[in-house]
Amino acid sequence: MNVCMITYNLVNNGIGKVVLTYSFELIRHGHTVTLLVGGPCEQEKVDEAVAHGIAVTQLPDKRSDTLGYFEALSKALDEGQFDICHVHGNSGMVFPELVIAKCSRVVVVACHCHSTGCEHPVLHRVLRPFVPRLCDCMFACSDEAGKWLFGNAGFSVIPNSFDLDKFRFDPQARLELRGAYGIDEDVYILGNVARLNPEKNHAFLIKVFEAFHAENPESILMIAGGGPGEKDVRALVEASPANDSIMLLGNVKDPAKLYSAMDCFVFPSIHEGLGIVLVEAQLAGLDCFVSSNVPQDACVSDRFHAISLTETAERWAGEIAAMAFWPHDRSKDSFRAGSLEPFDISSSYRLLEGAYEAALDRKGGRE
């Protein structure tokens, strides 16, 4: 199969990870993949894609040169002779890409929803009813995300899968990372790994830590991630009375070992399509204190603790403190039966490939 993936940006975020992970699997199984990107690209991610045999084409920016983007996208789809065009997004704002793909020489048009919220809710509501009519395949990272974009149309949940073993608790990595950062073993680390965007709610995260730190001064908040909100988050940290105990690590290429250095994970997102970092954190044996707005699909163990954002920062801090110093074996599995299987890339990839092949059969394939 000759597959085209369309995404707004190729950066170190959730969609970027999913696009690359499944593209790598497609390549590994003998298919061809081209990424068409209509916005920011991080060179590190481009290099990673190219190293795996994926062609990356950066189109004119969708936001600053919308007409140029549409023209370049149409040309790329016509010239590519693609069997599959897989459009990734968060809302009904994928409508133009779907229309262009439908009018091109692409055989099968797929749409993939990765969130349950967006920056343009009014336009989303207007365009959403048209999306299912333009798709041959509809995918979502969770049931909530699928309903957000496709309503009651027949979508398939394709999990944000990865190599599970990579995120298991590593006591040696814990010692090494804490040593590298100069953090003693008796210091309690609250962790967060997320793109620095408003929907990740770092302002509230910092308030929660301030409340926790006031009662537990031997504690640190470790935030890994970069993004457009970095300046605002940095300003909040600098103004915080606990600023000396807050670490902004920026983009971390491979956060797998970072989870081992942490003692709990705090994730007060305003909305999420899934929250794959929560699955990673639970694999590393971390108790996760999570906004109740996060889909339950991310709950794979008894280490998932949902708290409403209507609760105060002090209430969140109290919930964390209540479990903070109870000893438990982080290497011991506490996962619900079958809960991890959907996140294993080796099995979930088959769902994607099977959906592609079924859609091609229905459409008669490429001549």
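**The second largest pocket**

Analyst: Keep in mind that this is a predicted model. The second largest pocket has 18 lining residues, and those nearest its centre are Asp263, Ala324, Trp326, His328 and Arg330. As for secondary structure, the elements that supply two or more residues to this lining are helix H7 (171–181), strand E12 (287–291) and helix H12 (313–324). The space inside comes to about 290 Å³. Sorted by class, the lining of the second largest pocket holds 10 nonpolar residues, seven charged ones and one polar one.

Searching the whole structure turns up one cavity of 30 Å³ or more, and the volume of the largest cavity is about 30 Å³. Around the largest cavity sit Met5, Val18, Val19, Tyr22, His86, His88, His112 and Leu352. Two elements, helix H1 (14–28) and strand E4 (84–89), each give two or more residues to that lining. H1 gives the most, with three residues. By class, the lining of the largest cavity splits into five nonpolar and three polar residues, with no charged ones. So there are charged residues in the lining of the second largest pocket, while the lining of the largest cavity has none.

On to the helix pairs. Helix H8 (residues 202–215) packs against helix H9 (residues 230–239) at an angle of about 20°, and their axes are 10 Å apart. Because of that angle, H8 counts as roughly parallel to H9. The crossing of H8 past H9 is right-handed. On the H8 side, the contact is made by His202, Ala203 and Ile206, and on the H9 side by Val233, Leu236 and Val237. By class, this contact of H8 with H9 has five nonpolar residues and one polar, with no charged ones.

The other pair is helix H3 (residues 66–80) with helix H4 (residues 95–102), whose axes come within 9 Å and cross at roughly 35°. H3 and H4 also make a right-handed crossing. Here Tyr69, Phe70, Leu73, Ser74 and Leu77 of H3 meet Pro96, Glu97, Ile100 and Ala101 of H4. The contact of H3 with H4 comprises seven nonpolar residues, one polar and one charged.

Technical notes
Residues are numbered from 1 along each chain as its sequence is written. This is a predicted model: local features need pLDDT of at least 70, side-chain atom pairs count only at pLDDT 80 or more; totals for chains, interfaces and linings use all residues. Side-chain values use heavy atoms; hydrogens and water are left out. On a 1 Å grid over the protein atoms alone, a cavity is a set of points where a 1.4 Å probe fits but cannot get out, and a pocket is an open set with protein on both sides within 12 Å along at least five of seven lines; lining residues have an atom within 4 Å of a point. Grid points are joined across faces, edges and corners, and a volume is the space filled by probe spheres set on the points. Helices (H or I, at least four residues) and strands (E, at least two) are DSSP runs, numbered from the N terminus. Axes are lines fitted to C-alpha atoms, for helices over the stretch in contact, and angles run from 0 to 180 degrees between N-to-C directions. Angles under 35 degrees count as roughly parallel, over 145 as roughly antiparallel, 65 to 115 as roughly perpendicular and the rest as oblique. A crossing is left-handed if the near helix is turned anticlockwise from the far one by less than a right angle, and right-handed if clockwise. Contact means heavy atoms within 4.5 Å.
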